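Let's walk through this structure together, one part at a time. Keep the 3D view open as you read.

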Number of protein chains: 2
Amino acid sequence: MATMKEIARQTGVSVSTVSLVLNNRDEGRVKPHIAQQVRQTAERLGYAPNPLARSLRTSRTKILGFISEEIATTPFAGGIILGAQDAASTLGYMMITVNTDGVSNEDDEIAALQRYGVDGFLYAKMSNRLAQIPQSITDYPVVLVDATSEGHRFPSIQPDEFRIGYDATKRLIEAGCTKIAYIGCDDDMPAQIGRLQGYRQALENAGLRFDERRTVAIGGNGPALSAVSKLFDNEGPDGFFCFNDARAWYVYECAARCGLTIGQDISVVGVDNHRVFAETLHPRLTTVELPHYEMGYWAVCRLVSEIEDRPPSSFIMPATTAQMPALDAPAPASIHCTLINKESVARQA
Amino acid sequence: MATMKEIARQTGVSVSTVSLVLNNRDEGRVKPHIAQQVRQTAERLGYAPNPLARSLRTSRTKILGFISEEIATTPFAGGIILGAQDAASTLGYMMITVNTDGVSNEDDEIAALQRYGVDGFLYAKMSNRLAQIPQSITDYPVVLVDATSEGHRFPSIQPDEFRIGYDATKRLIEAGCTKIAYIGCDDDMPAQIGRLQGYRQALENAGLRFDERRTVAIGGNGPALSAVSKLFDNEGPDGFFCFNDARAWYVYECAARCGLTIGQDISVVGVDNHRVFAETLHPRLTTVELPHYEMGYWAVCRLVSEIEDRPPSSFIMPATTAQMPALDAPAPASIHCTLINKESVARQA
DNA sequence: ATGAAAGCGCTAACAG
DNA sequence: CTGTTAGCGCTTTCAT
């Protein structure tokens with residue numbers, strides 16, 4: 001590994017000059033001619049700065065800490081991590097990802113990250129919920145991903161939950177459904193609240209009545225199926241908006257039992273917190289796709305902009321179908337989601 | 001952050017003494033009395049070493065690079081990463097995880113990891129397959145996870161593929177199945193080969209004839225389902241050993257179409273490369289559980305043992321149901337997998 | 001416009 | 001046994 005010292009020696013200048021040039025701080029301080037030479041030698045030697053040495057001096061590591069509760073348990077996290085990783089990579093950062101199962105080891109992991117001198121933290125949840133940010137990281141730049149902090153103390157990147165509910169329901173309405181059920185979540189997280197609102201709004205706009213009996217709040221496993229089953233029997237809905245794919249599964253199960261065919265007798269739209277389910281197992285499930293990759297990507301951009309104290313607008317966004325709001329939009333910023341049509345939304349004759 | 005210098009000052013000794021003590025190299029070199037004092041001050045000041053400074057000196061970072069192709073796309077990776085993370089954490093290491101989509105960015109990511117001075121690499125694949133280890137990391141300690149290198153050049157942690165096939169098939173035989181099908185993979189990876197061998201051996205041991213017509217090699221999507229469907233029609237198997245859960249799904253689909261009930265009319269055993277499927281969607285699917293967590297954990301132990309050049313036996317293994325072979329067993333070491341019985345394996349009347 | 005020198009926090013020879 | 005010294009590679013005053 002070539003060092004600055006070596007470059008300095010071979011070019012016949014001092015280390016400080018090399019440092020100046022290689023950090024692009026040479027404007028008007030080093031003769032263009034010399035600068036040119038330095039750059040050449042650096043190039044020739046295949047110079048790459050030693051991040052450790054640099055960090056030791058600057059106490060900036062260019063390492064980001066990614067804290068997530070459930071990397072292991074859900075497939076979704078990958079998309080976020082991937083996007084974050086890409087952004088980090090593009091911006092010259094590395095990411096250390098730690099997994100905190102609940103709270104037991106959270107402090108330890110954070111302490112470790114801090115010792116390694118991370119410049120800031122990403123804090124990600126599964127499904128947009130209220131997150132309790134550990135005291136220990138509040139002095140650092142922090143950006144939440146798919147999560148919300150109380151009082152919006154921290155910038156957060158989250159999907160446009162209202163829009164998810166609205167779009168999904170609208171799609172069902174367009175397909176001709178008139179008795180649309182919402183298979184929701186029994187937890188009062190922002191995701192649930194926002195999607196339910198979107199659902200109601202879409203119904204209202206279409207002149208359909210919201211009927212509480214057509215919504216279920218599902219938590220566990222056993223009761224869940226019977227709740228959906230009961231909904232089938234009592235209300236006979238012709239369309240279903242499902243909080244996520246796991247919940248959509250219950251609809252599939254019940255439909256099968258009743259001899260109904262998805263995309264023909266009833267229509268279903270799910271949200272892909274577990275898109276992998278939908279794609280592998282239920283190709284006919286129409287899905288509102290969460291922009292996980294983009295959320296990760298954007299979160300890192302936001303975080304780095306905070307760390308380096310430069311305007312967010314200077315970042316390049318990934319090519320994506322999801323529309324991004326302006327980065328300087330008031331928090332909580334939210335990302336528009338994409339609706340992927342599949343055959344499961346039948347036109348009701 | 002307290003430094004050694006500060007400790008030295010407050011204790012009235014020199015930095016070197018402090019360094020000696022705090023690195024537990026004081027045995028017979030520093031008066032126990034002094035050492036004691038040093039430790040106390042360190043404790044009092046809440047001293048934590050600065051890994052950067054240390055690394056700069058030792059060129060050991062205590063950072064491990066984890067390279068995986070598909071963190072994003074499959075849920076399985078989580079288990080491995082989690083185990084690896086835990087082991088790393090226990091052994092005082094951090095892990096930087098990078099995702100290489102195919103080969104395009106692999107070299108860049110590796111270069112980045114190298115600049116950050118990782119001490120070694122974990123190289124993980126999805127499903128045990130032959131891995132092409134990039135030239136650039138061959139000078140580092142490398143351990144493969146759920147993968148095999150040509151000629152076993154590198155130590156690798158992989159499941160006992162033969163045993164997976166053997167156990168799964170044996171389970172079906174015990175359930176009374178006589179016409180057992182193998183829904184396999186159309187790729188010649190070690191996982192496929194080993195499991196198929198196990199399948200054949202189990203049949204043979206039970207005095208059942210191996211019949212090529214009862215095996216399918218499945219690749220893509222469309223053809224896959226029809227292949228399984230044909231198998232149903234032509235051979236009418238009463239038991240199915242499926243390469244993974246995605247393939248098990250085809251069996252479910254066909255069974256449903258034929259009006260057969262899993263766990264009653266036919267029996268199914270799958271392998272959980274995607275356990276999440278099985279648990280959430282198919283509670284009745286009997287699963288051979290791959291010890292992902294353990295593989296990750298063990299891989300890191302192996303890697304660190306290489307890095308620090310100390311005997312592997314000095315590591316503490318995680319409490320686990322999966323039996324681990326001796327760490328100094330000849331490579332490739334393989335881990336025994338656990339069979340999880342569920343109702344899908346019916347006793348055939 | 002350039003270089004000398006100090007120092008980030010730590011480790012490791014080497015003296016004493 | 002303990003302290004002195006040098007230096008890892010880089011950034012950053014401060015002289016020149």
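Start with strand 10 of chain B, residues 286-289, where both faces are covered. Thr286(B) and Val288(B) on one side, and Thr287(B) and Glu289(B) on the other, are all buried (under 20% relative accessible area, with a 1.4 Å probe and protein chains only). In a regular strand, side chains alternate between the two faces of the sheet. Strands here are DSSP runs of E with at least two residues, helices are runs of H or I with at least four, and both are numbered from the N terminus.

Strand 10 of chain B has a parallel partner, strand 9 (residues 267-271) of chain B, joined to it by three bridges. One of the pairings links Val269(B) to Thr286(B).

A word on the source: this is a predicted model, in which local features need pLDDT of at least 70 and side-chain atom pairs count only at pLDDT 80 or more, while totals for chains, interfaces and linings use all residues. Residues are numbered from 1 along each chain, chains are lettered from A, and side-chain values use heavy atoms, without hydrogens and water.

Now turn to DNA strand C, which is surrounded by 24 residues (each with a heavy atom within 4 Å of it). Which element supplies the largest share of this surface? Helix 4 of chain B does, with four residues.

How does the protein touch the strand? A polar side-chain atom of Thr17(A) lies 2.8 Å from a phosphate oxygen, and a polar backbone atom of Ser14(A) is 2.9 Å from a phosphate oxygen. Arg57(B) instead has a side-chain N or O atom 2.7 Å from a base oxygen.

Notes: A polar contact is a pair of N or O atoms within 3.5 Å; within protein, one must be able to donate a hydrogen and the other to accept it, and residues adjacent in sequence count only if both atoms are side-chain atoms. Buried means under 20% relative accessible area, exposed over 50%, partly exposed in between (1.4 Å probe, protein chains only). Two strands pair if DSSP finds at least two bridges between them.
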